[in-house]
Protein chains: 2
Amino acid sequence: MKKGRVTIKDIARELNIAPSTVSRALNDHPAIKKETKDAVKALAEALDYQPNLLALNLLQKKSNTIGVIVPEITGHFFSAIITGIQDVIVDSEYNIMICLSNESYEEELTIVKRLSKIQIDGVLVSPSSETKNFDHFRRLQKSGIPVVVFDRDCPGLEADKVLVDDYFGAFQAVEYLIGTGCKNIAHLGGPLNLSTTDHRLQGYLDALEKNNIEVNKEYIVHVPGFNHKDGIKPSKKILELKKRPDAIFAYNDNIAISAMHVAKKFGLKIPEDISIIGFDDEPHSNFITPSLSTVWQPVYSMGMLSARILLSHLNDKNTALKFRREVFKPELVIRASSR
Amino acid sequence: MKKGRVTIKDIARELNIAPSTVSRALNDHPAIKKETKDAVKALAEALDYQPNLLALNLLQKKSNTIGVIVPEITGHFFSAIITGIQDVIVDSEYNIMICLSNESYEEELTIVKRLSKIQIDGVLVSPSSETKNFDHFRRLQKSGIPVVVFDRDCPGLEADKVLVDDYFGAFQAVEYLIGTGCKNIAHLGGPLNLSTTDHRLQGYLDALEKNNIEVNKEYIVHVPGFNHKDGIKPSKKILELKKRPDAIFAYNDNIAISAMHVAKKFGLKIPEDISIIGFDDEPHSNFITPSLSTVWQPVYSMGMLSARILLSHLNDKNTALKFRREVFKPELVIRASSR
DNA sequence: AAAGGGTGGGCAAATATTTGCCCACCCTTT
DNA sequence: AAAGGGTGGGCAAATATTTGCCCACCCTTT
């Protein structure tokens, strides 16, 4: 009793019954009479018996763990999604293992190998910005592991997907800018090779076209990454243009904030001289000066829904056959950084 | 071969040897001759044999997983620490399981129970702000699981600790404010019952005392949480004081940013009318206007060191006897929000 | 008295791997 | 010829649990 944990055999020996009977008693198997069950349960309680999940895992060939693969967590976006995922999963019998790909295809590959080695039961993934080939996810699916893709799409991969209508968000933001009289609207686009980058760019382009504004190629500059520092040079590039834009629609809030930073350094007034709109609605965006207009996304809900979809597959293997595609609508939030 | 994964027995059958021999061959046991080893390894390769870690876990009574318990991850602080932890652990044979206590003692308790049920091998923890009793961590230690505490101390708990010298950081910040001529320095303190809150407050108090400035109780207001919104009311309370302070030292950057926000609403100029200094040096703090003076902490390194200490215990059970206590020095970063 | 059926629970296999112990075989030595 | 020792590898237990199959026992029925 002192050494090692209490097992089903200890209880069996004590009660002079077979381990199998203890197992059945604890699981309320009908073939066991009430007195035996009661005795077993009482002793299990008394000895503080804890079933050994490691043995169960081996028997059931599953680890009761689901993997979550995200590019990073230092920003607010993925952290909030993970919080949503966690809050759903915590009520299930599953544990979650969070893995960071650091926006690297290589690392993502390693993670997937690792997860499949520990016999993960399901995977939630937002691919790295380098990932163009999705065969590693297909391999998971082939070995029976459901995969749910969130936020960043994997074009061509058949899987459950929980996405945001980035196109719509971008279109709205740019139409709003046009509506307030901006004529020369620049776009600080996201890193290339990302569905979100493409869709936001397309929303920008279509909003211009719909309003008969000609696209100026110089007004579109893509940033190399997602952080503040990644927005500085591109912002300068745009603001140094001979025909300086009177508005910037940025890929995300971080980039929008660097654009504001640079614009101020250039002596521009926001929003009088230039309107700036971001994307994501990070918590601090409301508290900077001027407060940032941006496109809000239901991040937490996306996390929750992704997790729920995965759980539904895990609980009912049959549903794994048809994939769901859920697209959340983002919402434009106008604050002080735009006219 | 098609159904289910390849096991050691499949290889044994194919080669007409015993499974034990296959196991020894794969593990380069000296009792196996080279030819046998080569044959086994070749076939294992050919069949894409993957050892079943679930079986190994059961045998070794360990899950090869370490748990990381943090209060939240939506802020930059814990996300960056986790990134540091992850970057160290990823090179080991361990997996990490991140658990969010949501600043709740109850949830923390549930997490610990869960982790001990899945027979976690080690734990890295920053306790919730509600946690006053550390018996759940002691129980882990008693069952042989090393516990490393980071950032937020658990007073009275004997364990490895990786902390920041909050006292020193606060002292420096306040002395700097005094040095630039501020006479009435307020402190927006952190949530109560937190080692970091206590130490930063003490640094504030001692810096005042050392410079013969009397403490004004009205100048000390504690915030209820860590986010921007939690700083609004306390900031108003302080700025509405008859004798308005000429400087604020805030518990963290979020709170400092709300203070800036409120100060601007009050028509105050920063730093002319009031200096503001935060704590944490979050990435956006450099990009707001005016850029925020703050106290930088080596977050990423703290994560790495915590993970390294835990790994050292896991690799050598003997070192578990003496606990390490590492205290990082923070650094004051002066920007534009202070005179 | 034999057959039938229900109740309660035990045996042993199964999950995949490692490892202590043993043994066969062969060569060498006395 | 017997003893001794080294090499190579097999047997079976061990890890903790579940579960298919079986069986003993008892009562009832014909």
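**Definitions and values**

Author: Chain A and chain B bury about 4200 Å² between them, and carbon and sulfur atoms give 61% of this area. The model is a predicted one, in which local features need pLDDT of at least 70, side-chain atom pairs count only at pLDDT 80 or more, and totals for chains, interfaces and linings use all residues. Residues are numbered from 1 along each chain as its sequence is written, chains are lettered from A and ligands numbered from 1 in the order in which they are written, and side-chain values use heavy atoms, with hydrogens and water left out.

Reader: What makes the area between chain A and chain B a buried area?

Author: Buried area is the accessible area (1.4 Å probe) that two parts lose on being put together, summed over both. The size of an interface is often given in this way, as the accessible area lost when the parts come together. Here the value is about 4200 Å². On the side of chain A, the residues that lose the most area to chain B are L54(A), R114(A) and F287(A), which together make up 17% of what that side buries.

Reader: How do you know which residues of chain A are in contact with chain B?

Author: Contact means heavy atoms within 4.5 Å. By that rule, 50 residues of chain A touch 50 residues of chain B. Polar contacts across this interface number 13 residue pairs, both residues at pLDDT 80 or more; a polar contact is a pair of N or O atoms within 3.5 Å, where within protein one must be able to donate a hydrogen and the other to accept it, and residues adjacent in sequence count only if both atoms are side-chain atoms. Helix 5 of chain A gives the most to the side that touches chain B, with eight residues. Helices (H or I, at least four residues) and strands (E, at least two) are DSSP runs, numbered from the N terminus. That side of chain A divides into 21 nonpolar, 20 polar and nine charged residues. Ala, Val, Leu, Ile, Met, Phe, Trp, Tyr, Cys and Pro count as nonpolar, Asp, Glu, Lys and Arg as charged, and the others, Gly among them, as polar.

Reader: Why are the two copies described as related by a two-fold rotation axis?

Author: Two copies of a chain are related by a rotation about an axis and a shift along it. In this model, a rotation of 180 degrees with 0.0 Å of shift along its axis superposes chain A on chain B, with an RMSD of 0.1 Å. The two copies are thus related as by a two-fold rotation axis. The same surface serves both copies, since 100% of the contact residues of chain A recur in chain B. The superposition is by least squares on the C-alpha atoms of residues with pLDDT of at least 70 in both copies. Of the residues of chain A, M97(A) comes closest to the axis, at 2.5 Å (C-alpha).

Reader: How many salt bridges does the rule find, across the interface and over all chains?

Author: A salt bridge is a side-chain nitrogen of Lys or Arg within 4 Å of a carboxyl oxygen of Asp or Glu. Across the interface of chain A and chain B the rule finds zero, and over all chains it finds 26. One pair is D28(B) with K41(B), at 3.0 Å from N to O. D28(B) lies in the loop between helix 2 and helix 3 (34-47) of chain B and K41(B) in helix 3 of chain B, so the pair ties together parts that are 13 residues apart in sequence.
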